[in-house]
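Me: I'd like to go through the labels on this model and see what each one rests on. Can we take them one at a time?

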Amino acid sequence: MTSENPLLPLVRAALHGVEDPEIRRPITDLGMVDDVRIDEDANVFIRVLLTVSGCPLKSEIITRVTTAVQAVEGINAVDVELGVMDDEQRSAMRQMLRGGQAERTIPFAQPGNLTRVVAVASGKGGVGKSSVTVNLALALARQGLSVGILDADIYGHSIPDLLGIGEARPTVVDDMIMPVPALEGLKVISVGMLKPSRDQVVAWRGPILDRALTQLLADVYWGDLDYLLLDLPPGTGDVAMSLGQKIPSSEVLVVTTPQQAASEVAERAGTMAHIMEQRVIGVVENMSWLENVCPHCGESHRMLLFGSGGGVLVAEALTDRFGYDVPMLGQIPFDEALLAGGDRGEPIVVSAPDHPAAQAMVELGRLITSKKRSLVGTRLPLATS
């Protein structure tokens, strides 16, 4: 009887510390380690099974495995070979990840789910809703929280470009979709990532939109999230209504700009959430002012490019209408760095954290996490016998 190489348990322990870069679970738990052998010269052979043959992060997996095993004292060399899971192995992995739940279950709608779902809404386009979503997500992630973004803006899906992952495509394991990893560990999925080409037009309405939202919520393996942010389409259409029905515990953050025309339509977005019995947690006023250094006195002055007071008007109107406090959570100044960072795929919270707009986003994240989820104004998923 041949005795086991004493290095083998150490190698297995090292492999248990290697996470799949998309699923973020140990590759040993996922059944991806197919074979581990060590010869008499302490050379290690490891066969790792990819979930699909075209896995976009296979080089990253090889690097992570090699680095982890080479760190084991006494190991001479590491050889990693890649294979692909068969249907039975993929099915077993899906069952493990879903915790035995049936397919097409929206985890965030289940009793006891601890993920806080916040939909970012606006009455009209052009108010910077997607920029707020991305930078707020990064601000939350920098607090050490696990954060996902679902780009539910079916027609104007800009989240991937804002994060610099516009060309990324998710890995699909049978009927389970892996979100694309992004800055600060964000997990991101967008309908734009599921199109065959970037220039393809999405022309969906009614039932098709509803099914698409279900797929993005149920078929994506989100894992354990502290926060899921949804970037909603502007206005009060099908997606906003479907979300309220599918995740009754979700909350809504309303984004507006200072001018009256924007504030009036922003009220409608908040009112739609109230109709769907979602709680509106607050209002964010974007593009509140531009800091400008005067060429004459050298002092910094605030230029009110779009007027003032719109955010306060929305917060006061929604508070009066709903019967609970809807606070103005923040004012985000207009910042050239914010605009340039969005064009480059470098959000300002990461690229220029000292800028006033970045600091305002960070403060917004702090305020949201400091406010406990309230049941006031929220429909509870209760059943009567």
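Reply: Helices (H or I, at least four residues) and strands (E, at least two) are DSSP runs, numbered from the N terminus. This is a predicted model, where local features need pLDDT of at least 70 and side-chain atom pairs pLDDT 80 or more, while totals for chains, interfaces and linings use all residues. Residues are numbered from 1 along each chain as its sequence is written, and side-chain values use heavy atoms, with hydrogens and water left out.

Me: What makes Glu363 and Arg366 a salt bridge?

Reply: The term asks for a side-chain nitrogen of Lys or Arg within 4 Å of a carboxyl oxygen of Asp or Glu. The closest N and O atoms of Glu363 and Arg366 are 2.6 Å apart, so the pair meets that cut-off. In general, side chains of opposite charge can pair when their charged atoms come close.

Me: Why is Glu363 called partly exposed?

Reply: Buried means under 20% relative accessible area, exposed over 50%, and partly exposed in between (1.4 Å probe, protein chains only). Glu363 has 33%, so it counts as partly exposed. Arg366, at 41%, gets that label too.

Me: How do you know whether Lys129 is buried or exposed?

Reply: Its relative accessible area is 6%, so Lys129 is buried. Lys129 forms a salt bridge with Asp231, the closest N and O atoms being 2.9 Å apart. Here too distant parts of the chain are linked: Lys129 sits in helix H4 and Asp231 in strand E10 (residues 227–231), 102 residues apart. Asp231 is buried as well, at 0%.

Me: What puts the buried residues of H2 on the same side?

Reply: In H2, Ile61, Val65, Thr66 and Val69 are buried. They cover an arc of only 125° around the axis, so they lie on the same side of H2. The arc is that of the directions from the helix axis to the C-beta atoms.

Me: How do you know that E5 and E9 pair?

Reply: Two strands pair if DSSP finds at least two bridges between them. E5 (residues 147–151) and E9 have four, in the parallel sense, so they qualify. Leu150 has Ile189 as its bridge partner in E9.

Me: And what about E8 and E9?

Reply: E8 (residues 180–181) and E9 pair in the antiparallel sense over two bridges. Val188 in E9 is the bridge partner of Val180. In the hairpin of E8 and E9, which has five residues between the strands, Glu184 takes a positive phi near 60°.
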